[in-house]
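Here is a short briefing to read alongside the structure. Please keep the model open as you go through the points.

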Amino acid sequence: MTTATSSAKPLRRTLYRGDPGMWSWVLHRISGATIFFFLFVHVLDTALVRVGPQAYNEVVETYKTPIVGLMELGLVAAVLYHALNGIRVILIDFWEHGPRYQRLMFWTTGIIWLLVMVPATVVVGMHMLARFG
């Protein structure tokens, strides 16, 4: 007669455990993909200058909306996080004490990101209010 014991391993449904290093990795990939998408679109719309100035001006005029303004704020957030986290990754890889302090560096990166993003959000918000408000 066998019964299930409490020492049985719980069923793990995902490979990830929610560690800050995992979230840092995920956010780094998302911010990198966002930046890549922006650069791709930027190269395409800038290439329209060769087609004709009128075509370029028409496309650029479609970007002057509040939604694109919020997307620009998202781009600033992505670039800032990607840069700060990139510095953190370099420190983890090349500083002998980096792995020991990786969790502290993760939270420091987040605090610096917030300290820069709050004023950036205010500036972008003031610009959007002046333009669309």
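The side chains of His 82 and Ser 31 make a polar contact at 2.8 Å; such a contact is a pair of N or O atoms within 3.5 Å, where within protein one must be able to donate a hydrogen and the other to accept it, and residues adjacent in sequence count only if both atoms are side-chain atoms. This is a predicted model, in which local features need pLDDT of at least 70 and side-chain atom pairs count only at pLDDT 80 or more, while totals for chains, interfaces and linings use all residues. Residues are numbered from 1 along each chain as its sequence is written, and side-chain values use heavy atoms, leaving out hydrogens and water.

**Around His 82**
- His 82 is found in helix α3; helices here are DSSP runs of H or I with at least four residues, numbered from the N terminus.
- An unreviewed UniProt entry annotates His 82 as "binding site", and such annotations may be inferred rather than shown by experiment.
- His 82 counts as partly exposed because its relative accessibility is 25% (buried is under 20% relative accessible area, exposed over 50%, partly exposed in between, with a 1.4 Å probe and protein chains only).
- Beyond its neighbours within four places in sequence, His 82 is in contact with His 28, Ser 31, Gly 32 and Ile 35, where contact means heavy atoms within 4.5 Å.

**Helix α1**
- Helix α1 runs over residues 20–51 and spans 47 Å from its first C-alpha to its last, close to the expected 46 Å (1.5 Å times one less than its number of residues).
- Among the buried residues of α1 are His 28, Ser 31 and Ile 35.
- The cover over the buried residues of α1 includes α2 (53–62), α3 (66–94) and α4 (102–132).

**Nonpolar core**
- The largest nonpolar core has 6 residues: Leu 73, Ala 77, Leu 80, Leu 84, Met 117 and Ala 120 (a set of buried Ala, Val, Leu, Ile, Met, Phe, Trp, Tyr and Cys residues joined through side-chain atoms within 4.5 Å).
- Its largest share, 4 residues, comes from α3.
- Leaving aside neighbours within four places in sequence, Leu 80 touches Trp 113, Val 116 and Met 117.

**Aromatic pairs**
- The whole structure holds 2 aromatic pairs (ring centres within 6.5 Å, using the six-membered ring of Trp; planes under 30 degrees apart are stacked, over 60 edge-to-face, the rest tilted).
- Trp 95 and Tyr 101 are stacked, 5.6 Å centre to centre with 20° between the planes.
- Phe 106 and Trp 107 pair edge-to-face, at 5.0 Å and 75°; Phe 106 is buried at 12%, whereas Trp 107 is exposed at 52%.

Definitions and conventions: Helix = DSSP H or I, 4+ residues; strand = E, 2+ residues; numbered from the N terminus.
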